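Here is a short briefing on one protein chain. Look over the sequence and the structure first, then read the points below.

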Amino acid sequence: MKYTELKNSIKNEVKGIYLLEGDDAYFRLGGEKMLTGLVEFPELNVTSFTGDDIKGDQAYEDFVDALKVFPFMSEKRVVKVSEFYPTEAEYKKYLKGVFENFPDTTILVITNTGEKKSGLAKKKEVTFVDCSKSDRETVVKWIYLTMKRAGSPADVSVCGQIADYCMCDMSRVSVECDKLQMYKPGEKITAEDVDSLVYKDTEYRMYELTNAMAAGNYTEFCSIAQDLMSKGTDELGIINTINTFFKNLMTAVSSGGSNEDIAAAMSSKFPVKPYAVKRMKEQAKAYGVPRLYELERCSYACISDIKSGLVTPPSALQNLCNRIFFGKDTGRG
């Protein structure tokens, strides 16, 4: 199930073993909080392990024993374990028996980032909760409902603005929603409020940067670049982003197949939607393939020149801007 379904699932029935796995820490911690909130006297009825703790016969024996301990003045007790990736051999040797006859007074909560592979999600005794980063639609819905319940409603377009500025990172989204609620308690949140209060994620600013570049808006490009550099991004980081942008446009315009096929192929490195591929093709067409190829090579050459010590980063960025916006080269410096 998705993380957003966990609350209702718990209301209907509390299972014995939960695996909260995914790259969104907000979802993992939120799910853990929901489940540990089911016990009385958590200081006595919550036990924690890490995957590194559970190595070898004795450690597994202690872990299994912890699962069988009766709760103290509570219907349930919780055993938490983080980053737990037992091998299939370890599962069969140590866990299979207790998982298949799991104590009805215990809730086992496993929280994994998913960086390693584990077969736990496929075990029928395990309730898998997907804690991966949500798509934009789900995040916008969460913001809309959260702000409405808090008495600080926002239009769907404003909720989308918050999601975009935070790059759909739920940890950031949650903090920014709290900030907006405190800023205007009981009042409607506007686009102007979001612009003035919500910090724009660096990735989103990079997205704005490349959009300004594609639109030929040099003034906007420079303003965003200066803002990024004032917050810790250097010239090489900006040039790398520009180079990646041109590479992606080349991939979109030169690859065969549908937008869906291209999006799936590109998503091996980062999530890409079919609409984004469509947008890339439009931008690539505006540049033209020969010009696109030239700018991709130029941006790569700037990166190489910086790393080789042939040009300073500020000069390389200025040189690249001149090529992109004015079609000329100021040379190395």
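The second largest pocket is lined by 16 residues, and Y3, T4, K7, W142 and R149 lie nearest its centre. A pocket here is an open set of points on a 1 Å grid over the protein atoms alone, where a 1.4 Å probe fits, with protein on both sides within 12 Å along at least five of seven lines; lining residues have an atom within 4 Å of a point. This is a predicted model, in which local features need pLDDT of at least 70 and side-chain atom pairs count only at pLDDT 80 or more, while totals for chains, interfaces and linings use all residues. Residues are numbered from 1 along each chain as its sequence is written, and side-chain values use heavy atoms, without hydrogens and water.

**Second largest pocket**
- Two or more lining residues come from each of α1 (6-12), α2 (25-36) and α6 (136-149).
- Helix α6 gives the largest share of the lining, six residues.
- Helices (H or I, at least four residues) and strands (E, at least two) are DSSP runs, numbered from the N terminus.

**Strand β5**
- Four of the five residues of β5 (residues 126-130) are buried, meaning under 20% relative accessible area (1.4 Å probe, protein chains only).
- Strand β1 (residues 17-21) pairs with β5 in the parallel sense over five bridges; pairing requires at least two bridges found by DSSP.
- Y18 is opposite T127 of β5.

**Helix α10**
- Among the buried residues of α10 are Y204, R205 and M206.
- Just after α10, G216 has a positive phi of about 75°.

Definitions and conventions
Buried means under 20% relative accessible area, exposed over 50%, partly exposed in between (1.4 Å probe, protein chains only).
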